[in-house]
Amino acid sequence: MSLHWTGQPFVDAGLAALLAASGASQLSGVTATHLEVAVRELEAVLLSDQALGIGLEKSFAKGTLSQVFPNSELVNPRNWSKGPEGVRKKYRTALKEDLARAQEALRAGRGDRVCGICGELRPSAGFVVLRRDRFPLLSGAVNFYPGLLHGVALCGACALALRFAVASLLRVGERGRLWFLHCPSEIVAARIAQEYGWSHFRRLIATNQPLDFYGDWRTAGNSGAILCLLCQLLRKFANQLRAIYQHGIPTVAYVFSNDNRGGYVEGIPVPTSILDFLQSLQLESVDAFDRFEREVLRVDTAKDKREETQRARFVANVAGRIMRAEPIVGACLGEQRLLGGWIAHRIYLQEVNGMNHAVLALLERTGIALAQHERGKKLIGRLERAPARDVRAVLLDLVREGVLSGRELGALLPPNEPASAQIVRDVLLAVVYEWQRCNEAGESFPRLAGGWAIPEPDEVVRRLERIANDLIRTLPNRRQWITGLMTARKTAQIRATYLRALRSGALSLVDFLFLVPLGDVTQAWVRRDYLLAFLFELDREAVPPDIELVEGEEGATDEVSVLAE
Ligand SMILES: [Zn+2]
């Protein structure tokens, strides 16, 4: 019978650390001898002076460790009454018994009792009943069994594995919570235990510092710590980590506390798209990868405490959004600055938010055009002040000036997706800020390679394009008519302008009703803007150059209320 993942996070965390300490290359290859090697390592680390706190100010065993295994052999005050040697003896004896049971479980053939954790039939003599002092988050502590809870019976192999979980645990930072990554890839999980568990403990012992869990993340929040771990793992062993997302292996970070005051646990799933994003970013540019981590995930100690608190709040917020795979570009816009860099945000938009490649390339091109535009300052100011509502008008201005086509406007802001205005606005500003930064620093802007065809326009956009074509062919006094449409302040004025075209035969009744749908004021304004876009594009001669486009209050107000939902 061999060892394998169980699906129980704490047992698996223990198995990973056991594997790392055993010298075996995979769990199925762990033998009774490997178990002995691993147990020797666990004993050497946990019974060291640095773990027990002998001659040191802090005791890991009596302090932090009691948060994982409260009242266990290393914690219980009764064991300490005979001094450190009493504790060591107690622990060695218990560990020896556990080792013997685990070895028996491995050596024996099929037993007669199913282990509820690993699902194997094991010899019933090797089962032990564990309570919360040795199995985190079970109800009932060792000295107090509410409702006469008896704990959980585990096979010897699973019970021994749990003892090793300490080497897979990490510290979050604030509030002293602990966490570990439950990643069912043996290699990755064992590497984490090796690097942040065993090697970290060994370093502390060698320099005679009190033992503690690794927690030097210099970030904020649970999500910040998880993302920083992923960044560090990518730097150290990208190839192994690739296995996680290539096979779509579900990975969950568990943040927990198991002290006597009560248990706490929170499972935070790590979306595979996040690993995809970090990996693509690192492959694209190591500098961009470093910059993203530094500007978005790091909190360094600042002289000004208030500044540091603000920074921590920003990092915790953005990291949380990343873990939920939400858009982050808007949150990373600072004072005329894009935190994290455009390369990172571009890859995030693609890999995590699933933005169409062609639309992204188009947004990038449009942002650069805005930054270079002679009236750029004014247009950018409009975008900065009025989040979603002015976006269409600004883009329409760019169509008027030949920077964008009508179809491109339709691709950026599909008429039936009012929510896209916010992200378009954020991305445009991101490109503008990065372009300005590159100019100041004398760097070249990292443009996306071109050649992407924009998606086919939807039916509404195609129809508006056709109506614009009809109008241009048949409408008399076009410049005057277009001016009327651009300067209309009320829906009734738009309707009156269309009626003039209807009367002259340039517009059919069906198209008229399509342009001003009954009872839908918002659509009337949206469709007017797209119609104008095509008129601008198809008949540049007829466009009045010095007329300001008016966005009617009625349309804008309605649109904002749609966005707020
Ligand atoms: Zn078991």
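Reader: Which residues line the largest cavity?
Author: The lining of the largest cavity consists of Leu46, Leu65, Phe69, Ser72, Glu73, Leu74, Tyr91, Arg134, Ala159, Leu162, Arg163 and Val166. A cavity here is a set of points on a 1 Å grid over the protein atoms alone where a 1.4 Å probe fits but cannot get out; a pocket is an open set with protein on both sides within 12 Å along at least five of seven lines, and lining residues have an atom within 4 Å of a point. This is a predicted model, in which local features need pLDDT of at least 70 and side-chain atom pairs count only at pLDDT 80 or more, while totals for chains, interfaces and linings use all residues. Residues are numbered from 1 along each chain as its sequence is written, and side-chain values use heavy atoms, with hydrogens and water left out.

Reader: How much space lies in the largest cavity, and which element gives the most to its lining?
Author: The space in the largest cavity is about 110 Å³, a volume being the space filled by probe spheres set on grid points joined across faces, edges and corners. The element that gives the most to its lining is α6, with 3 residues. Helices (H or I, at least four residues) and strands (E, at least two) are DSSP runs, numbered from the N terminus.

Reader: And by class, what does the lining of the largest cavity have?
Author: The lining of the largest cavity has 8 nonpolar residues, 1 polar and 3 charged. Ala, Val, Leu, Ile, Met, Phe, Trp, Tyr, Cys and Pro count as nonpolar, Asp, Glu, Lys and Arg as charged, and the others, Gly among them, as polar.

Reader: How many cavities does the search find in the whole structure?
Author: The search finds 5 cavities of 30 Å³ or more. Two or more of the lining residues come from each of α1 (9-22), β6 (178-182) and α7 (186-206). By class, the lining of the second largest cavity divides into 9 nonpolar residues, 2 polar and 1 charged.

Reader: Turning to open space, how many residues line the largest pocket, and which lie nearest its centre?
Author: The largest pocket has 20 lining residues, and those nearest its centre are Glu73, Lys90, Ala94, Asp133 and Arg134. The elements giving two or more residues to this lining are α4 (77-80), α5 (83-107) and β3 (128-130). The largest share, 6 residues, is from α5. The pocket holds about 390 Å³ of space, and its lining divides into 9 charged, 6 polar and 5 nonpolar residues.

Reader: New topic: the metal. What coordinates the zinc ion?
Author: The SG atoms of Cys115, Cys118, Cys155 and Cys158 coordinate the zinc ion, at 2.3 to 2.4 Å. Donors are N, O and S atoms within 2.8 Å of the metal (3.2 Å for Na, K and Ca).

Reader: Why is the arrangement around the zinc ion tetrahedral?
Author: The angles subtended by the 4 donor atoms run from 103 to 113 degrees, so the arrangement is tetrahedral. Four donors count as such if all angles lie between 85 and 135 degrees.

Reader: How are the donor residues spaced in sequence?
Author: The spacing of the donor residues is C-x2-C-x36-C-x2-C. Cys118 sits in the loop between β1 (113-114) and β2 (121-122), and Cys155 in the loop between β4 (152-154) and α6 (156-164), so this pair ties together parts that are 37 residues apart in sequence.

Reader: Is Cys118 buried or exposed?
Author: Cys118 counts as buried because its relative accessibility is 11%. Buried means under 20% relative accessible area, exposed over 50%, and partly exposed in between (1.4 Å probe, protein chains only). Cys155, at 1%, also counts as buried.

Reader: How many residues of α13 are buried?
Author: In α13, 12 of the 16 residues are buried, so the helix is mostly covered. Among them are Leu360, Leu363, Glu364 and Gly367. The helix covers residues 357-372 and reaches 23 Å from its first C-alpha to its last, close to the expected 22 Å at 1.5 Å a residue; that expectation is 1.5 Å times one less than the number of residues.

Reader: Lastly, the backbone. What is phi of Ala325?
Author: Ala325 is not a glycine, yet its phi is positive, near 60 degrees. Ala325 lies in the loop between α11 (305-323) and β9 (333-334) and counts as partly exposed, at 26% relative accessibility. Gln336 likewise has a positive phi, of about 55 degrees. Gln336 is placed in the loop between β9 and β10 (337-338) and is partly exposed, at 47%.

Terms used:
Four donors count as tetrahedral if all angles lie between 85 and 135 degrees; four count as square planar and six as octahedral if opposite donors are over 155 degrees apart and all others between 65 and 115; anything else is irregular.
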